[in-house]
Amino acid sequence: CLSEDNDCTLHLFFSTDPNNILFWDEEPVTTDKFDFRHHNYKEMRRLMKAVNEECPDITRVYSIGKSYLGLKMYVMEISDNPGQHEVGEPEFRYVAGMHGNEVLGRELLLYLMQYMCREYKHGNHRVVRLVEETRIHLLPSMNPDGYEQAYKLGSELSGWAIGRWTYEGIDLNHNFADLNTILYDAEEREEVPHKVPNHYIPIPEYYVSEDALVAPETRAVIDWMQKIPFVLSANLHGGELVVTYPFDMTRDWRPKDLTPTADDSFFRWLAFVYASTNHAMSETDRRVCHTDDFMREGNVINGANWHTVPGSMNDFSYLHTNCFEVTVELSCDKFPHERELPQEWENNKESLLVYMEQVHRGIKGVVRDKDTNQGIADAIISVDYINHDIRTAFDGDYWRLLNPGEYEVTVRSEGYFPVKKFCRVTYDNHATICDFLLTKTPKQRLQEILARGGKIPKDLMLRLRRLRLRKLKSRRHSQ
C-alpha cells in the first residue's frame, strides 16, 4: 500500500460467475440502465424477445439459419415497417460474434437494440430518424456454438483461442468464397469489366458443392446477404483497438501489403468515422494493446496491410453484393470483465450510431422503365472513374455510397438504352436523389410484342428498318 495513512481500499468483486471476477477501484458511470453482464444463448434470446415485446411496432426477431449444433442465429430488425423492404430505404446490418470468444460486440448489439427501442419511445429525434429512414438488422451472434464454449470458461479462463472457431473447427472469417483471386487474375489479364465483372462476382462452383468445407453459419449469412439488398455493414471483433477496411486479402498471397479497393477513399472515411468517435480509440495517451501501434494512423488500417485474410466476409460482401463492410476491433481484451461493460458501451455508443448514419451518404434513386414506370431490377449503376459498379434491387431502387463531389453516373440494363446523368453529392447527411428513366431498345420491344402474340406497331417497324439500313451502310463502308 502506498498511502501514508495506510487507508488503501481495493475493491474485489467476487461471485460464482466466472465472468464477474475483477479488481476494480472505480465504479464506471453510464446513464443507460441496462443489464450489464454477459448473456448466454438462452439469456440473449430472452432479452431479444423482451425488446420486441416492449417495441412491437418497430422491431422484429427472426432467424437466418442454425449453427452446426442447431442453435438459431437470431437477428433483431429495427424499422418503422418491420418485415418489409421499403422502396428508397437503405438496409443496414451489424454482425457480431463471428469469433465466438470475441464477445464485446454481442453485448453492444444487445444494448443497442434496447437503447433504440427506449429512445424511440422517448422521441429522441436522432433515433427516430434512423428508425424511420433505415431498415436496421442486428446479428449479435454469428458463431453461437463458439460463444457457448467461451462463456462456460468465462473472462479469466477462455483464453485467446477457445471458442474462436465453430464447433467444427472452422474460422468463419476465412470461410467465405475467395472472389479476390478471380478479380485480381482478371485485372492482370485486363478483362475487367468487359469479360469479368467488377462487382457481383459469381460464387465458384467448387464452393457451393456438397463436399466444400463451408460452415452452416457461413452459408446462412451468405443466403441472408443475397436475400436483402444491404448497403452498409460492420463486422464487430475483439482483441485490438482498430478499424480495418477492404481489401483484406493481398495480391500474390503476400503476408501483408496495402491493397485498396476502387472505393478506397470512402472506405477510409467509414473507418475514420467509427474510430474518431470511439472514446477508447481516440484516447491519445492510451496504451498499445499488443505490439502494433495503430494510433499513429488514426486507429484505421487497410486490412491487407495489417495481415492478409483470404475468404473474409468484408471482401466477399464488397465483391458479391452491393454492401460495403468494415471490421471493428472493439477492445484489447477479447472477453472483457462484466464490470467493464458499462464503460465499453459508453466508448462505442456514439460510434455505433454515427456509423449507421453513413448509410445515407452518396446517391440513391429508382431506375424505372420509361413506358411502364415500373422499377427495373439488376440494372447496373456505374460511376465514372470508380471501377466498381452496383446493381438495383428487386424494386429498381439503388444506393451508391460516395464522398461529396460531382459524379457522372451511367445506368445500363439489358434491353434498354443506357442513360447518363451528373449527380452531385453534398456534405449534408442525406443521400442525393438521382432517378433514371430507361427506354427499351426496338429489338427488346419487338421481342416482347412477339412473345405476347401481338401486332408490331408501324413506328417500331420503321425504326427497325432504319436500323437495318444503317447496318448495311456501315458494312459497305467497311468493305
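## Close-up views of a predicted model

**View 1. The pairing of strand β12 with strand β15, seen residue by residue.** V383 faces V409, a residue of β15, across the strand pair, in a model that is predicted rather than determined by experiment. Strand β12, residues 380-383, is joined to strand β15, residues 405-412, by four bridges, and the two strands run antiparallel. Another residue pair in this view is I380, which stands opposite R412 in β15.

**View 2. The hairpin of β12 and β13.** Three bridges hold β12 and β13 together in the antiparallel sense, and I381 has I390 in β13 as its bridge partner. Two residues lie between the strands of this hairpin, where Y385 adopts a positive phi near 75°.

View 3. The strands follow one another in the order β13-β12-β15-β16, and their pairing is antiparallel. At the edges are β13, covering 386-391, and β16, covering 419-425, each of which pairs on one side only. On average, and with direction ignored, neighbouring strands of this sheet are turned by 30° against each other.

**View 4. The open sheet of eight strands.** Here the order is β3-β4-β6-β5-β7-β10-β8-β9, and the pairing is mixed. Because β3 and β9 (300-302) stand at the edges with a single partner strand each, one side of each is left without a neighbour in the sheet. Neighbouring strands are turned against each other by 20° on average, again with direction ignored. Within the sheet, strand β7 (residues 230-237) and strand β10 (residues 324-329) run parallel and are joined by six bridges, and the bridge partner of L232 in β10 is F324.

View 5. Helix α7, made of residues 216-227, lies across β3, β4 (72-78), β5 (91-96), β6 (135-139) and β7. The direction of helix α7 is at about 130° to that of β3.

**View 6. The packing of helix α8 against helix α11.** Two packed helices are described by the angle between their axes and the distance between the axes. The axes of helix α8 (residues 264-277) and helix α11 (residues 341-357) cross at roughly 155° and come within 8 Å of each other, which means that α8 is roughly antiparallel to α11. The crossing of these two helices, α8 and α11, is right-handed. On the side of α8 the contact is made by L270, V273, Y274 and T277, while α11 contributes N347, N348, E350, S351, L352, V354 and Y355. Sorted by class, the residues of this contact between α8 and α11 are six nonpolar, four polar and one charged.

**View 7. The packing of helix α2 against helix α3.** Helix α2 packs with helix α3, residues 125-133, at an angle of about 105°, and the axes are 8 Å apart; the two helices, α2 and α3, are therefore roughly perpendicular to each other. In α2, the residues Y115, M116, E119 and Y120 meet V127, V128, L130, V131 and E132 of α3. The contact of α2 with α3 has seven nonpolar and two charged residues, and no polar ones.

**View 8. The disulfide between C55 and C117.** A disulfide is a covalent bond between the sulfur atoms of two cysteines. The count in this model comes to three disulfides, and the one shown here joins C55 to C117, with a distance from S to S of 1.9 Å. The torsion about the S-S bond of C55 and C117 is about 80°, so this disulfide is right-handed. The pair links distant parts of the chain, 62 residues apart, with C55 in the loop between α1 (41-54) and β3 (59-66) and C117 in helix α2, which spans residues 104-121.

**View 9. Backbone details in two loops.** The peptide bond that leads from V192 to P193 is cis, with omega near 5°, and P193 has its place in the loop between α5 (180-188) and α6 (205-208). The peptide bond from P246 to F247 is cis as well, with omega near 0°, and F247 lies in the loop between β8 (242-245) and α8. W253 also lies in the loop between β8 and α8, and W253, a residue other than glycine, has a positive phi near 60°.

Notes. Residues numbered from 1 in each chain as written. Predicted model: local features only at pLDDT ≥ 70, side-chain atom pairs only at ≥ 80, totals over all residues. Heavy atoms only, no water. Axes fitted to C-alpha atoms, helices over the stretch in contact; angles between N-to-C directions. Parallel < 35°, antiparallel > 145°, perpendicular 65-115°, else oblique. Left-handed = near helix turned anticlockwise from the far one by under 90°. Contact = heavy atoms within 4.5 Å. Nonpolar A, V, L, I, M, F, W, Y, C, P; charged D, E, K, R; others polar. Pairing = 2+ DSSP bridges. Disulfide = S-S within 2.5 Å.
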